[in-house]
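Here is a quick note to read alongside the model. Keep the viewer open and click through the residues as they come up.

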Amino acid sequence: MYQLIVHGGAGTIAGEDHQAAHRLGAELGLAAGEAVLRAGGSALDAVHAAVRPLEAALCFNAGPGSQLDEDGYPAMDAAIMAGRDLRAGAVAALCGSAQPINVARAVLEDGRHVLLAGAGAARFARERGLPLGDPLAHVTPAARARLAKRRAEGSRGTVGAVARDVSGHVAVATSTGGTVGRRVGRIGDSPVLGAGTLADDRSGAVSATGDGEAFLRTAFAARLLVRLERDRGTLHEVLMDELHEVWRRTGGRGGAIVVTADGRLAWGHTTADMTVAWATEASRGA
Ligand code: GLY
């Protein structure tokens, strides 16, 4: 049996048009990831395949739809990790890539480092032949309008996927455009293993979305997976307990998707909404 969940960020998804765009985007990500799993592919390939269309969908805060920093640049974070052998690759504050998850995957395959940031991440991408363009070429009018309108507000959109393949291995991928109007150089929780992203075959895989600083300060993903190794309680209760703990202790809100080592799925959020779609061999839903 395989399992897969994708998310398109936690927050408030206002209006039917936005909700429909989120649903469609999530479906595209789910279909791409599920095709890999159905063909017997690995969880790692599945989460990578799932996140690519999520990054490409302009309704999400990732890839070309990314939020802009205080200087008007889309500097993006992404991470991918295999629970089988704990191999991981991540990029932070990367400009000019339409698909940062591809650069994170290349960091994983390269194997020398885990997390590359800024100009170093861009140079690595160029050396690997991964396309990088003018960072401002990807900026959408909607992102410019959000920066102009919501400079002081937080934003909570991020995309991610967790999967367990037919061999029982888990993996995770997360990609984000960060928070609107953030300081130049700000890095969120998504590329930091143990904060917004983590996979370990001993426990499971988790991808978070929401207030990155809160997930960083509480080492959210690490705490959740350690708890899953020890605590055999209801998965959804454990997840919500950890999300509420983040909220209680830091005031930060968000959500997460989880697949456990034994193939259970859960998602939850302390925000108004979160876009999710899931599939197993036997069923699917959103
Ligand atoms: N959770 C995404 C970010 O704060 O960057």
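1. Ground rules. This is a predicted model, in which local features need pLDDT of at least 70 and side-chain atom pairs count only at pLDDT 80 or more, while totals for chains, interfaces and linings use all residues. Numbering runs from 1 along each chain as its sequence is written, and side-chain values use heavy atoms, with hydrogens and water left out.

2. Around the ligand you'll find T158, T176, G178, R186, G188, D189, S190, G210 and G212 (a residue is near when one of its heavy atoms lies within 4 Å). That shell splits into no nonpolar, seven polar and two charged residues; Gly is counted as polar here, and Asp, Glu, Lys and Arg as charged.

3. R186 places a polar side-chain atom 2.7 Å from a ligand oxygen atom, and D189 has a polar side-chain atom 2.7 Å from a ligand nitrogen atom. From G210, a backbone N or O atom lies 2.8 Å from a nitrogen atom of the ligand. The protein covers 99% of the 200 Å² of accessible area that the ligand has on its own (Shrake-Rupley method, 1.4 Å probe).

4. What does the side chain of T197 make a polar contact with? Its partner is the side chain of T174, at 2.9 Å (a polar contact is a pair of N or O atoms within 3.5 Å, one able to donate a hydrogen and the other to accept it; residues adjacent in sequence count only if both atoms are side-chain atoms). A polar side-chain atom of T197 also lies 2.6 Å from the backbone oxygen of S190, and S190 is one of the residues around the ligand. T197 sits in strand β7, residues 197-200 (strands are DSSP E runs of at least two residues), and is buried at 0% relative accessibility (buried is under 20%, exposed over 50%, partly exposed in between, with a 1.4 Å probe and protein chains only).

5. Two positive phi values. Most residues other than glycine have a negative phi. L86 has a positive phi of about 60 degrees; this residue is in the loop between β2 (76-82) and β3 (88-94) and is partly exposed at 47%. A93, with phi near 50 degrees, is in strand β3 and is buried at 18%.

6. A surface patch. V114, L115 and L193 form a nonpolar patch with about 210 Å² of accessible area together (patch residues have over 30% relative accessible area and no salt bridge, and nonpolar side chains are joined within 5 Å; a salt bridge is a Lys or Arg side-chain nitrogen within 4 Å of an Asp or Glu carboxyl oxygen). L115 belongs to strand β4, residues 115-117, and is partly exposed at 40%.

Methods:
Helix = DSSP H or I, 4+ residues; strand = E, 2+ residues; numbered from the N terminus. Patch = residues over 30% accessible without salt bridge, like charges linked within 9 Å, V, L, I, M, F, W, Y side chains within 5 Å.
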